[in-house]
Amino acid sequence: MALSGIKIGKEQVNILAYADGIVLIGKNETEKRQLFVEMENIARKLGLQINHEKTKYMVVERKNSLKKNEIGHMKIKNYKFERVENFKYLGVILNEDNNHQTDLQERIKNANKTYFMLQKNF
């Protein structure tokens with residue numbers, strides 16, 4: 001089974017990794033499980049462990065989805081992952097609606113804090 005992931009340019013990508021942050025991208029629960037098992041097997045071979053307390057999962061769906069706000073955990077092998085509505089990756093807030101409003105508001109808030117902090121110096 002070829003994994004779907006997302007298309008970036010001409011490439012089909014199902015994993016994003018930078019430093020210690022990794023995002024697995026699957027079209028459905030089966031793909032997410034398969035990607036995690038593959039990643040965990042490789043990590044184990046390299047002597048690395050998955051921090052299950054820091055590992056979360058998020059489902060990105062169209063608005064007004066019936067599954068939205070469904071609380072639950074995903075169990076894979078001996079791991080149990082909490083479902084979240086949003087998370088920050090590389091400084092960008094991603095959410096399950098694929099709506100950038102929260103990230104934009106956070107950036108404006110931080111810019112205002114910096115502006116008013118610098119204004120005291122002038």
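A polar contact is a pair of N or O atoms within 3.5 Å; within protein, one of them must be able to donate a hydrogen and the other to accept it, and residues adjacent in sequence count only if both atoms are side-chain atoms. Keep that in mind for the stops below.

What you have open is a predicted model, where local features need pLDDT of at least 70 and side-chain atom pairs count only at pLDDT 80 or more, while totals for chains, interfaces and linings use all residues. Residues are numbered from 1 along each chain as its sequence is written, and side-chain values use heavy atoms, with hydrogens and water left out.

**Start with the whole chain.** Switch to cartoon view and you'll find 2 helices and 9 strands (DSSP runs numbered from the N terminus: H or I of at least four residues for helices, E of at least two for strands). Trace the chain from the N terminus and the order is β-β-β-β-α-β-β-β-β-β-α.

**Next, select residues 29-45.** That's helix 1, and E40 lies in it.

**Zoom in on E40.** Is E40 buried or exposed? E40 counts as buried because its relative accessibility is 8% (buried means under 20% relative accessible area, exposed over 50%, partly exposed in between, with a 1.4 Å probe and protein chains only). Across the chain, 24% of the 122 residues count as buried.

The E40 side chain makes a polar contact with the side chain of R44 at 2.8 Å. Another polar contact, of 2.9 Å, links the side chains of E40 and K77.

Setting aside neighbours within four places in sequence, E40 is in contact (heavy atoms within 4.5 Å) with I50, K77 and Y79.
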